[in-house]
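Student: I would like to learn how to read aromatic contacts in a model. Can we work through one together?

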Amino acid sequence: MATEATTKFPESDLRPIPQPPDFHPAIIVPAQNTTLKFWQLMVAGSIAGSVEHMAMFPVDTVKTHMQALRSCPIKPIGIRQAFRSIIKTDGPSALYRGIWAMGLGAGPAHAVYFSFYEVSKKFLSGGNPNNSAAHAISGVFATISSDAVFTPMDMVKQRLQIGNGTYKGVWDCIKRVTREEGFGAFYASYRTTVLMNAPFTAVHFTTYEAVKRGLREMLPEHAVGAEDEEGWLIYATAGAAAGGLAAAVTTPLDVVKTQLQCQGVCGCDRFKSSSISDVFRTIVKKDGYRGLARGWLPRMLFHAPAAAICWSTYETVKSFFQDLNGEANAA
């Protein structure tokens, strides 16, 4: 009878192999501080403002000619007439007359504009990104500050746009205005500008944040992830909607601002004071209530694409700085 052989090992030889304790370390990634520094917000705003205004400058020139009430040769009624009159009278280069004044003013002013907006929004929103009141109030703070920087160069820009050779250039205009009219002439329209830009900016920022938020909800592939992953199309679309709407509702005050800044140049009316009500009455008397809507279409055609360019540029530069900060913190 075959005996079934079984191999038996002493129990002492079956010692369990020691196993390391369960260890599943959490992968700890240091939090990256992507909060932008104040100077980075200023740089982003400066680049965005310069690109916006330089790209759309010819449209702004047409708008300025349409809004200026005067007796000299160019008295346009519509965009086409204004454009043809400018080309016929001074040639294509006239569309860019005053662009250097715009460049000198737009960069610093938008640096102040966006940096003040971001800081105010962060302080007032209380951590709620959907706080429309905080967006509107922050926009008002931003425009009051930036207009103090931009108004003098905006006045120089508009005088050069309609001057027909009255001034040789930016510095000649600054020197002559200072000598002939005094420093106060550079701020003759400041009150009007603030009264115009305060509601403009409130509408602009509120609309921009709301449309951007709505688009992010409609396009979930952009809604997830960090803000710097959003598509430029969202920025451009929200900016265009905000710029167009804000421009439409503030056109009457923009007409008043142009009148104050261009007074006495090339036959434009000169006002005894910078009172907004006096300018309103003069415009209505000479051109009816339709005069307060002069240039509304080129103003919208300027601000809609300009805001699209500005916001997409601004958010892109912000994203660049956020990535830069994240890499620096990770190193």
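Student: How many aromatic pairs does the count come to here?

Tutor: This is a predicted model. Counting rings whose centres lie within 6.5 Å, the total comes to 13 aromatic pairs.

Student: What describes a pair of aromatic rings?

Tutor: A pair is described by the distance of the centres and the angle of the planes.

Student: Are Tyr117 and Phe205 buried or exposed?

Tutor: Tyr117 and Phe205 are both buried. Another stacked pair is Tyr208 with Trp311, at 3.7 Å centre to centre and 10 degrees between the planes. Because Tyr208 lies in helix α7 and Trp311 in helix α12 (residues 296-330), this pair ties together parts 103 residues apart in sequence. Tyr208 and Trp311 are buried as well.

Student: Which residues form the aromatic cluster?

Tutor: Tyr113, Phe114, Tyr117, Phe205, Tyr208, Trp311 and Tyr314 form one cluster.

Student: Now a helix. What span should helix α3 have?

Tutor: Helix α3 (residues 79-90) has 12 residues, so at 1.5 Å a residue it should span 16 Å. Its end C-alpha atoms are 16 Å apart, which agrees.

Student: Which residue follows α3?

Tutor: Gly91 follows α3, and its phi is positive, near 85 degrees.

Key. Residues are numbered from 1 along each chain as its sequence is written. This is a predicted model: local features need pLDDT of at least 70, side-chain atom pairs count only at pLDDT 80 or more; totals for chains, interfaces and linings use all residues. Side-chain values use heavy atoms; hydrogens and water are left out. Helices (H or I, at least four residues) and strands (E, at least two) are DSSP runs, numbered from the N terminus. The expected span of a helix is 1.5 Å times one less than its number of residues. Rings of Phe, Tyr and Trp (its six-membered ring) pair if their centres lie within 6.5 Å; planes under 30 degrees apart count as stacked, over 60 as edge-to-face and the rest as tilted. Buried means under 20% relative accessible area, exposed over 50%, partly exposed in between (1.4 Å probe, protein chains only).
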